[in-house]
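Dear colleague,

Please find below the structure that I am handing over to you.

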Amino acid sequence: MTLMLGNLKLQVLSSICQIIDTALELDRALSEVLRILSETLSMKRATITLMDPESELLVISASHGLSPEERERGVYELDEGVTGLIFQTAKPYVVPDIRHEPLFLDKTGSRHLEKGRVSFIGVPIASHGRCLGVLNVDRLFDDEVGYDEDLSFLTVVATLIGQFLSLNEKVKAREQALVRENLSLRSQITRERRGPYIVGKCLAMQEVERQILKVSPTRASVLLLGESGTGKTLIAKIIHEYSERKDHPFIKVNCASIPENLLESELFGYEKGAFTGATGSKPGRFEDAHLGTIFLDEIGELPLGIQAKLLRVLQEKEFERLGANLTRKVDVRVVAATNRDLGELAERGGFRADLFYRLSVFPIQVPPLRQRKGDIPALLNHFIDAVSREYGRILSFTPRALSDLTMYDWPGNVREMENLIERLVIMSDGERVDAVFLKPYLNPAGMHSQAQTERGQAAQAAGTPLKTMERNEVLAALRRNGWVQYKAAEDLGITPRQIGYRIKKFGLSAVIEKQSPRLVGGR
């Protein structure tokens, strides 16, 4: 008997060691261990229960002799039942008769307690002094064999399982390090190829970029918060490009720009006859984004009726087209954006609280441009380069104009800057834009720099119109430069021809001639 038992043990352990090549396919490897135990020792039931790091619960990761439904029921708190006790103490536990053991909960419902005695044994699965899970089996050997034989043998098996788990953890940690390195390299390559990337290196944007690199490789939903025009669409695109979904679609939907009666069919699609005019079937934007990313901009404007359907997609990955009963499955990552306070909106009943919490798994606050003024020169250069390639023109600013732009509050944020640069390229006669030419294109609500405020207050106090302000700027430049026109032009960042035009336009020739007749015309 002892010889036969020893041979069985060696056969089992030898077979388990031979599946080491599948150890990185953890589910398969664990199932193979239980298969070997079952076929060699006629084991009826067994489970490998591991701690789920996300839920912090003990969950059955592999089983033998359990139906899928019974396996799903096998979820335990870390200190619940026999399994929880073994996990907490990291010590084996023997139940000679599960009918008389109050700690045995039979949560799976796989054992028929009324049919007689069932012995149950559990041993911890540990690695490097840390308990990772529990191996539970109904008794392996006959009653003639003591429980010590079961325990010693299962402890060896659990040690091998622990090695499989440890190997997987090390490989996963290495993979995560490689992912971080890959993201860094991808970011560098993206910048060099002028792909989507964040311009600016102020502390606030460094934090945004750090959060992007953290969340991009995951499956987590992302909620981008910030004022309109801060670049939330660009950030959503970057998250997609840095994720494993980058080779699949990136779909943008503005929830505020689509009428409410059309938004549901736009998002989820419709079947023929679903409404008047539905002459055929059409997939929605979620189906278009399958395996990729969908960006829901202005999510705060989403009607309450559609919010419930979106929540279901986020939780269950399923939905029905409008006018259909067929349930469709999709694998889509959701990135949403809003300039509203969704938490406050939820408190007032204007937004579903459960959807808000589901969307904001990983919120990112995008700062307005007025809070990152140090990035303004870099952003200006970025948009100037982009517009120059499109229009074939080079644009630059005088020191004073650049100072005004830096101190400007940009109420429309980055979008306002992009539009401003394009307008200036179209409207300016030369390659250099001065403060006088720039002023009419800036929103008065954003002009809060000290110099601008002083000039604006003086102009407002005197009731000075814009034309008079521009005339005074030219006159002041001439006075500062000894009435030499080409020097005044350089000071203002314009050409001699342009300052000549302005002198004529504002009737300054007589003033210049009175100061120094020989300087008329800049000679």
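Predicted model: local features only at pLDDT ≥ 70, side-chain atom pairs only at ≥ 80, totals over all residues.

Strand β1 spans residues 46–52 and is mostly covered, with 5 of its 7 residues buried. Its pairing involves two other strands. With strand β2 (residues 57–64), β1 pairs in the antiparallel sense over 7 bridges. Within this pairing, L50 has V59 of β2 as its bridge partner. The hairpin that β1 and β2 form has 4 residues between the strands, and E56 there adopts a positive phi near 55°.

Strand β6 (residues 130–138) also pairs with β1 in the antiparallel sense, here over 5 bridges. In this case T49 stands opposite V134 of β6.

The second topic is the largest pocket, which holds about 950 Å³ of space. Its lining consists of 23 residues, and those nearest the centre of the pocket are M51, D52, P53, E54 and K172. At least two lining residues come from each of the following elements: α2 (26–41), β1, β2, β6 and α5 (147–192). The largest share, 5 residues, is supplied by α5. Sorted by class, the lining contains 11 nonpolar, 8 charged and 4 polar residues.

With kind regards

Note on methods: Residues numbered from 1 in each chain as written. Heavy atoms only, no water. Buried < 20%, exposed > 50% of the residue type's maximum accessible area, 1.4 Å probe, protein only. Pairing = 2+ DSSP bridges. 1 Å grid on protein atoms, 1.4 Å probe; cavity = no way out; pocket = protein on both sides within 12 Å on 5 of 7 lines; lining within 4 Å. Points joined across faces, edges and corners; volume = space filled by probe spheres on them. Nonpolar A, V, L, I, M, F, W, Y, C, P; charged D, E, K, R; others polar.
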